[in-house]
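Please read them with the sequence and coordinates open.

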Amino acid sequence: MGEFLAAFRKNRTKIWVGAVTLLLVFYLVVSFQRSVLLLLDSNPAAKAIGAAYLVLPAIGAWAMIRELLFGARTEQMAKVLEAEGGLPVDELPRTPAGRIVRSAADLEFEKYKAEAEAAPGDWRSWFRLSCAYDAAGDRKRARASMRDAVKLFRGNVPA
């Protein structure tokens, strides 16, 4: 039982991503089925709604695949950085509730910002900058920086 709990803790995020993905796939299949039923109806208004409703599963599938690929590439980059010893170390002070102290994260952020400005073509610096944005609470910029890191990483991966 102890081994199971250790494996669960290690893969908790992947398990939740898998569960949410399965739920989304189920939703997309049901949406597609409902749109087909509406398209087969003799009423022109139902056909129009069915055609419009058919767009939802397509957009949902595109978004799901995009996010899963983003996560897989981010994990791949983290493994490379870990093997190189280049992952940022989380030694930031925390509040009693476990949140990172914002002022400490802001100071750490400046270090990684300077690193990314000095090496704008290095995916590693953008990855670390993304982690710093995340620690500072700026999720939007963290995601944008990670997308930049992914683009640079994909350009540096040998075929």
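In which helix is Val55 found? Val55 is found in helix H4. The model is a predicted one, and the points below should be read with that in mind.

1. The relative accessible area of Val55 is 42%. Buried would require a value under 20% and exposed a value over 50%, so Val55 is classed as partly exposed. In sequence, Val55 and Arg128 are 73 residues apart, and their C-alpha atoms are 37 Å apart in space.

2. The H3 and H4 packing. Val55 also takes part in a helix contact: Val55, Leu56 and Pro57 in H4 meet Ala51, Ala52 and Tyr53 in H3. The residues of this contact comprise 6 nonpolar ones, with no polar and no charged residues. Helix H3 covers residues 44-53 and helix H4 covers residues 55-84. The angle between the two is about 5 degrees, and their axes are 4 Å apart. An angle under 35 degrees counts as roughly parallel, and H3 and H4 are therefore described that way.

3. Ser35 in H2. Ser35 has its place in helix H2, which spans residues 12-40. Is Ser35 buried or exposed? Its relative accessibility is 0%, so Ser35 counts as buried. A polar atom of the Ser35 side chain lies 2.7 Å from the backbone oxygen of Phe32. Once neighbours within four places in sequence are set aside, Ser35 is in contact with Gly50, Tyr53 and Leu54. Tyr53 is also one of the H3 residues that meet H4.

4. Ala78 lies in helix H4. Which residues does Ala78 touch, not counting those up to four places away in sequence? Ala78 touches Leu87 and Phe127. Ala78 and Phe127 are 49 residues apart along the chain, and their C-alpha atoms are separated by 8.3 Å.

5. Aromatic pairs: Phe109 and Tyr133. How many aromatic pairs does a search of the whole structure find? The search finds 2 aromatic pairs. In one of them, the ring centres of Phe109 and Tyr133 are 4.7 Å apart and the planes stand at 50 degrees, so this pair is tilted. Phe109 belongs to helix H5 (residues 102-118) and Tyr133 to helix H6 (residues 123-135). The two residues are 24 residues apart, and the pair links distant parts of the chain. Phe109 has a relative accessible area of 11% and is buried. Tyr133, at 15% relative accessibility, also counts as buried.

6. Aromatic pairs: Trp123 and Phe153. Here the ring centres are 4.8 Å apart and the planes are at 80 degrees. Why is the pair of Trp123 and Phe153 called edge-to-face? Planes over 60 degrees apart count as edge-to-face, and 80 degrees therefore puts the pair in that class. Trp123 lies in helix H6, whereas Phe153 lies in helix H7 (residues 139-156), so the pair ties together parts that are 30 residues apart in sequence. Trp123 counts as buried at 3% relative accessibility, and Phe153 is buried with a relative accessible area of 7%.

7. Ser130 in H6. Ser130 is placed in helix H6. With a relative accessibility of 5%, Ser130 counts as buried. Not counting residues up to four places away in sequence, Ser130 touches Ala142, Ser145 and Met146.

8. Ala144 in H7. Ala144 lies in helix H7. Its relative accessibility is 40%, so Ala144 counts as partly exposed. Ala144 and Trp126 are 18 residues apart in sequence, with a C-alpha to C-alpha separation of 9.5 Å.

Definitions and conventions: Residues numbered from 1 in each chain as written. Predicted model: local features only at pLDDT ≥ 70, side-chain atom pairs only at ≥ 80, totals over all residues. Heavy atoms only, no water. Axes fitted to C-alpha atoms, helices over the stretch in contact; angles between N-to-C directions. Parallel < 35°, antiparallel > 145°, perpendicular 65-115°, else oblique. Contact = heavy atoms within 4.5 Å. Nonpolar A, V, L, I, M, F, W, Y, C, P; charged D, E, K, R; others polar. Buried < 20%, exposed > 50% of the residue type's maximum accessible area, 1.4 Å probe, protein only. Polar contact = N/O pair within 3.5 Å; in protein donor to acceptor, adjacent residues only side chain to side chain. Phe/Tyr/Trp six-rings, centres within 6.5 Å; stacked < 30°, edge-to-face > 60°.
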